[in-house]
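Student: I would like to learn how to read a model like this one, feature by feature. Could you take me through it?

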Amino acid sequence: MRVLLVEDDAMIGRAVSTALRGDRYAVDWAADGDAAEAALSTGDYDMMLLDLGLPKTDGLTVLTRTRRRGLNLPVLIMSARATVESRVGALDAGADDYLPKPFDFDELGARMRALLRRRHGQTEPVLEHAGVRLNPATREVRRDGVAVALTAREYALLHALLERPGTPLSRDQIINKIYDWGDVVGSNTVEVYIHALRRKLGAEFIVNIRGIGYCLKTGNSHGASTSAR
Ligand code: CA
C-alpha cells in the first residue's frame, strides 16, 4: 500500500512516516500543498493523509482539486482544526474521514484499514485466498492455519495481490506499492519478491500473466503460467 502523507509539521511528519512504515506501508511525505499536488499527478496512491493548514496551497484546496480531477483515492484529513464546520467542510469537499489532532497512532491505523477495506468492497477485515489469510490489523499471515514469516516488502506485495486476487498487477504497479520515494529499486526486485512468496505460500499461489504482470491463481486464470518470470 502506498500512502501520500501531506504534513508541514516536521515532527508529526517524521513520526507518522515512521509509524506507517512500521505498519508496512510505503510512504511518500509531501511538506506543502504544491508538493502534494505534484506527487498526486505522478504517483499512484492507495490513500492520502492530508493536513489542512499547509504552506503554499492549503489542504482543502488540494482536496477540492484532487476530486475535481477525478482522483478517487481515500482521503483522511488529520487536522488540529477541531470545529464542526471544519469537519463538515472537509467531508463535503470529498474527504472520507477526519481525524482531529492530536491523535493516537493506533486509531490512525485502524481508520486507514477501514478506508482501504471499503475501497475494495471488503466486508471482512481479514483477507483470504486459497488457504492464505492476511490480517491487516495484526500483520499476521497464515497458510492453512500455520503462521508464515514475511519480510516487510513481501507482506506489502502479498497485501496488494490479495486485494484484487484475479486482477494482475504490473511490475511498475508492484514497485509503486512496496517502495517509497528515494528507495533504490533493483532491476529484478519484483521477481525476487514473487519468488520468495511462492516459496513460502506455494508455487501455484501466484501466477504470471505473460506481458501483463502477476496475480493470484483463481478459477479463471486461463492462459496464465507459473513460470519463474
Ligand atoms: Ca499544518
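Tutor: We will go through a helix, a metal site and some backbone features in turn. This is a predicted model, in which local features need pLDDT of at least 70 and side-chain atom pairs count only at pLDDT 80 or more, while totals for chains, interfaces and linings use all residues. Residues are numbered from 1 along each chain as its sequence is written, and side-chain values use heavy atoms, with hydrogens and water left out.

Student: How far apart are the end C-alpha atoms of helix H1?

Tutor: Helices are DSSP runs of H or I with at least four residues, strands are runs of E with at least two, and both are numbered from the N terminus. The expected span of a helix is 1.5 Å times one less than its number of residues. For the 13 residues of H1 (residues 10-22) that gives 18 Å, and the end C-alpha atoms are 18 Å apart, which agrees.

Student: Which residues of H1 are buried?

Tutor: An α-helix has 3.6 residues a turn, so residues three or four places apart point the same way. Buried means under 20% relative accessible area, exposed over 50%, and partly exposed in between, with a 1.4 Å probe and protein chains only. In H1, Gly13, Val16, Ser17 and Leu20 are buried. They cover an arc of only 100° around the axis (taken from the directions from the axis to the C-beta atoms), which puts them on the same side of H1. The face turned away from that buried side carries the exposed residues Met11, Arg14 and Thr18.

Student: Which protein donors does the calcium ion have?

Tutor: Donors are N, O and S atoms within 2.8 Å of the metal, or 3.2 Å for Na, K and Ca, and sites may look incomplete because water is not among the atoms. Here the protein donors are Asp8 (OD), Asp51 (OD) and Gly53 (O), lying 2.1 to 2.3 Å from the calcium ion, and along the chain they follow the spacing D-x42-D-x1-G. Aspartate 51 is buried at 5% relative accessibility, whereas glycine 53 is partly exposed at 31%.

Student: Where does lysine 56, with its positive phi, lie?

Tutor: Lysine 56, a residue other than glycine, has a phi near 70° and lies in the loop between strand S3 (47-50) and helix H3 (59-68); at 66% relative accessibility, lysine 56 counts as exposed.

Student: Which residues does the cis peptide bond join?

Tutor: The cis peptide bond joins lysine 101 and proline 102, with omega about -5°, and proline 102 is found in the loop between strand S5 (97-100) and helix H5 (105-119).
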